[in-house]
Amino acid sequence: MIDSYSDFRSALLLWYDQNQRMLPWRTKPSLYNTVVSEFMLQQTQIKTALPYFERWLIRFPDFHSLAEAETESVLKYWEGLGYYNRARNLHKLAQCLVDADAIPDTPDAWKALPGIGDYTAAAISSIAQNHPSAVVDGNVVRVLARLTNDDTNFSSNAQAVKQFTVLANQLLDSKRPGDANQAMMELGATLCTKGQPQCQCCPLKTFCLGFQAGKPEGLPAITRAKRTQVQENRAFIIREQRLLLYKIPSDAKRLKDHYELPSLEALGLTKDSKHLKKLTSKKRGISNQVITETVYELDTALNPIEEKEPFYWIDLKSIDRILLSGPHKRWIRDLLMLL
Ligand code: SF4
């Protein structure tokens, strides 16, 4: 397949040096910037994370300022990015590092810290500390499956990652491991894309068996678990310039202490009630679920709902200051504009 690893590495790094996207964590490299960007980029696309990253660095410019911040403030600056455990873990990580005698300098040492698994440990130690460990995400799996024309039917992404990690480490340039890792991910994100790989512009085409076989698009073959459909019904109730919201308990697994529109069920209502009028319906995906949420307005004929934990009447002027889950924040903003 690849006769000369050295030629492969040179071709990849030359392409990266000339074509990499100018991203703030690349133009101003530091351990802190790498750690923050790697936490934000778990489950999130670069274009979504960019404005959050810029705002974050202004408010929390280093590990010390982050370690000293209140959790509520940390979550507020993460609001809308989702997967809030990343923010909580990043906060705890900063506190651990500030208290530590030494900064970890191997992937295994990083993995002992909150929120850091194989992928993030390899990314931080290779990019910020020049440690030769390959980073393998979905983009890298795609490039390697095509390079090797490997049509194995993987039962999950994790299985494919495990298989290709061996090859990724063999191909890694040990003199510039951080750049080599970013180059593979960049190539997968920009040229070796899912639908239409741009093979004619690809620096790896002379090494690529998938390209030579003429049909790289179908690789890798990964059979994903079927997504389950979930239906949620929500209430949008405004009285005297205040919006009724539900506060998620502090011991919840997800979105603890966030506010959201209350479910009809929590209010003892069903969607068939004659007091409800449908306002909007939204679809979103989380892990292996597709959630359809329908929002209803409640007419004023019903008895007023008392403010009592976990339901709170929030002044419309204060909505921007409370912690809302990302989708609910967008829906509330859109619905308020219709009033
Ligand atoms: S030649 Fe095509 S399929 Fe092969 S790595 Fe490059 S873009 Fe991907």
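Me: In which loop is Gln241 found?

Reply: Welcome! This is a predicted model, in which local features need pLDDT of at least 70, side-chain atom pairs count only at pLDDT 80 or more, and totals for chains, interfaces and linings use all residues. Residues are numbered from 1 along each chain as its sequence is written. Helices (H or I, at least four residues) and strands (E, at least two) are DSSP runs numbered from the N terminus. Gln241 is found in the loop between strand 4 (238-239) and strand 5 (242-247).

Me: Is Gln241 buried or exposed?

Reply: A residue is buried if 20 or more other C-beta atoms, placed from the backbone, lie within 10 Å of its own, exposed if 12 or fewer, and partly exposed in between. Gln241 also has a positive phi of about 60 degrees, although it is not a glycine. Because it has 9 other C-beta atoms within 10 Å, Gln241 is exposed.

Me: How many other C-beta atoms lie within 10 Å of Tyr83?

Reply: Look in the loop between helix 6 (71-78) and helix 7 to find Tyr83. Its phi is positive too, near 45 degrees, in a residue other than glycine. Tyr83 is partly exposed, because the number of other C-beta atoms within 10 Å is 18.

Me: What percentage of the residues in the protein chain is buried?

Reply: The secondary structure comes to 14 helices and nine strands, and the C-alpha trace spans about 75 × 50 × 30 Å along its principal axes. Among the 339 residues of the protein chain, the buried share is 31%.

Me: How far apart are the C-alpha centres of domain 1 and domain 3?

Reply: The chain is divided into domain 1 (30-127), domain 2 (132-224) and domain 3 (228-338), with bounds that come from an automatic or database domain assignment. The C-alpha centres of domain 1 and domain 3 are separated by 30 Å.

Me: Which residues touch the most other members of the largest nonpolar core?

Reply: A nonpolar core is a set of buried Ala, Val, Leu, Ile, Met, Phe, Trp, Tyr and Cys residues joined through C-beta atoms within 7 Å. The largest one has 56 residues, and those touching the most other members are Val140, Leu144 and Ala168.

Me: Between which domains does this core lie, and why?

Reply: The largest core holds 56 residues. Both domains in question give residues to it, so this core lies between domain 1 (30-127) and domain 2 (132-224).

Me: Which residues does Met184 touch, not counting those up to four places away in sequence?

Reply: Met184 sits in helix 12 (residues 177-190) and counts as buried because it has 27 C-beta neighbours inside 10 Å. Two residues are in contact if their C-beta atoms, placed from the backbone, lie within 7 Å. With residues up to four places away left out, Met184 touches Val140 and Val143.

Me: Which helix gives the most to the shell around the ligand?

Reply: Of the 15 residues around the ligand, Cys192, Cys199, Cys202, Cys208 and Pro216 come nearest. Helix 10 (138-147) and helix 13 (209-213) each supply at least two residues of the shell. With three residues, the one that gives the most is helix 10.

Me: How many of the eleven residues of helix 3 are buried?

Reply: Helix 3 (residues 31-41) is mostly covered. Its buried residues, including Tyr32, Val36 and Phe39, pack against helix 2 (24-27), helix 4 (46-59), helix 5 (63-68), helix 7 (85-99) and helix 9 (118-127). Of the eleven residues in helix 3, the number buried is ten.

Me: Which residue is joined to Pro310 by a cis peptide bond?

Reply: Another cis peptide bond joins Leu219 and Pro220, with omega about 0 degrees. Pro310 lies in the loop between strand 8 and strand 9 (311-315). Here omega is near 5 degrees, and the residue joined to Pro310 is Glu309.

How values were computed. A residue is near a molecule or strand if its C-beta atom, placed from the backbone, lies within 6 Å of it.
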